[in-house]
Amino acid sequence: KKEEWIVSNRFDGKVVLITGAASGLGQATALQVAKEGAKLSLVDLNSGALEETKSKIAEAAPNAEVILITANVADEKAVESYVNETVEKFGRIDGFFNNAGIEGKQNPTEDYGIEEFQKVVDINLNGVFYGMKYVLKVMKEQGSGSIVNTASVGGIRGVGNQSGYAASKHGVVGLTRNSGIEYGQYGVSIKAIAPGAIMTPMVEGSLKQMDPDNWEEVGKQFVEPNPMKRFGKPEEVGYLAAFLLSDQANFINATVIPIDGGQSYKY
Ligand code: NAD
């Protein structure tokens with residue numbers, strides 16, 4: 001079976017902290033690293049959906065130790081607490097998937113509301129910064145660790161109608177480059193991923209914004225320009241994130257890796 005090629009023991013004895021773990025890319029990554037032996041601290045706003053992630057992990061990796069933390073990543077104190085809780089429980093943090101984010105309402109720049117802009121930036125950019133601030137302290141003391149920040153193709157290219165999203169995700173790439181330069185000397189590497197359209201609840205919501213009744217057809221048209229003519233799958237991002245969170249990717253630092261079927265390089 002395909003899956004058996006990929007499952008290994010890269011995370012035996014390792015602690016992985018994931019935000020936005022209740023859904024989509026965070027959940028897929030949690031499942032992947034749990035199958036590879038990780039102890040997990042899972043953070044999300046949505047406590048009910050976090051429980052569902054925990055049940056899926058219990059099925060896929062019955063021995064995995066998991067703690068669930070309901071927290072808003074845009075609240076600095078809550079971020080400090082989720083980092084402290086993780087260290088109190090497991091003693092260390094080896095991998096941090098700094099991933100929670102929202103898309104926000106799509107509108108041209110002049111109609112992109114100020115409140116919407118601030119909300120998207122608070123969660124997607126400030127939330128990622130707070131996470132790095134507290135986790136880096138732990139990893140620096142350990143002398144090891146890997147941080148993977150979730151940017152987006154909207155963080156390396158112009159997409160349109162997404163002022164807040166574009167600003168926040170370009171900002172995530174900037175934070176990644178800046179901090180990677182600072183912390184490499186402590187054995188800590190920091191990278192960003194730039195997913196293209198991956199079929200998660202977020203993208204489904206986005207297609208429904210475009211056409212609530214006909215969103216599946218809109219989805220087909222949406223992926224037509226993609227060289228691979230399809231959406232990515234959450235588990236494909238899970239494989240990438242797991243590699244980047246593992247010791248194997250220690251020399252990959254201060255850079256951004258697209259996972260988009262090649263779309264961001266198409267002329
Ligand atoms: P999703 O909506 O399926 O999952 C996001 C999770 O983050 C949800 O469980 C949600 O409850 C949580 N969350 C949102 N705001 C939060 C907050 N303030 N505090 C704590 N948790 C919060 O979306 P997804 O597609 O899995 O997206 C994950 C990340 O990937 C996001 O940063 C998103 O911008 C990015 N991304 C997704 C795609 C895609 O095509 N799906 C493409 C590029 C980037």
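This is a predicted model: local features need pLDDT of at least 70, side-chain atom pairs count only at pLDDT 80 or more; totals for chains, interfaces and linings use all residues.
The protein chain is divided into two parts, domain 1 (12–195 + 236–257) and domain 2 (197–231). Between the C-alpha centres of domain 1 and domain 2 there is a separation of 24 Å. Where the domains touch, domain 1 contributes seven residues and domain 2 contributes six residues. On the side of domain 1 that touches domain 2, three residues are nonpolar, three are polar and one is charged.

The ligand comes next. The shell around the ligand takes at least three residues from domain 1 and at least three from domain 2. There are 29 residues around the ligand, and those that come nearest are Gly-20, Gly-24, Gly-101, Thr-200 and Met-202. By class, the shell holds 15 nonpolar residues, 13 polar residues and one charged residue. Several helices take part: α2 (24–35), α5 (114–142) and α7 (201–210) each provide at least two residues of this shell.

For α5, the partner is helix α6 (residues 163–183), and the two axes come within 8 Å and cross at roughly 15 degrees. With an angle under 35 degrees, α5 therefore counts as roughly parallel to α6. The crossing of these two helices, α5 and α6, is right-handed. From α5, the residues that meet α6 include Phe-117, Val-120, Val-121, Leu-125 and Met-132, while those on the α6 side include Tyr-165, Ala-167, Val-172 and Leu-175. Taken by class, the contact of α5 with α6 comprises 13 nonpolar, six polar and three charged residues.

The helix α2 packs with helix α9 (residues 234–245); here the axes come within 8 Å and cross at roughly 60 degrees. This angle makes α2 oblique to α9. As for handedness, α2 and α9 cross in a right-handed way. On the α2 side, the contact is made by Gly-24, Leu-25, Ala-28, Thr-29, Leu-31, Gln-32 and Val-33, and on the α9 side by Pro-234, Glu-235, Val-237, Gly-238, Tyr-239, Ala-241, Ala-242 and Leu-245. Ten of the residues in the contact of α2 with α9 are nonpolar, four are polar and one is charged.

Finally, α7 packs against helix α8 (residues 215–223) at an angle of about 105 degrees, and their axes are 9 Å apart. That angle makes α7 roughly perpendicular to α8. Leu-207, Lys-208 and Met-210 of α7 make this contact together with Trp-215, Val-218, Gly-219 and Phe-222 of α8. The residues of the α7 and α8 contact comprise five nonpolar, one polar and one charged.

How values were computed. Residues are numbered from 1 along each chain as its sequence is written. A residue is near a molecule or strand if its C-beta atom, placed from the backbone, lies within 6 Å of it. Helices (H or I, at least four residues) and strands (E, at least two) are DSSP runs, numbered from the N terminus. Ala, Val, Leu, Ile, Met, Phe, Trp, Tyr, Cys and Pro count as nonpolar, Asp, Glu, Lys and Arg as charged, and the others, Gly among them, as polar. Domain bounds come from an automatic or database domain assignment. Two residues are in contact if their C-beta atoms, placed from the backbone, lie within 7 Å. Axes are lines fitted to C-alpha atoms, for helices over the stretch in contact, and angles run from 0 to 180 degrees between N-to-C directions. Angles under 35 degrees count as roughly parallel, over 145 as roughly antiparallel, 65 to 115 as roughly perpendicular and the rest as oblique. A crossing is left-handed if the near helix is turned anticlockwise from the far one by less than a right angle, and right-handed if clockwise.
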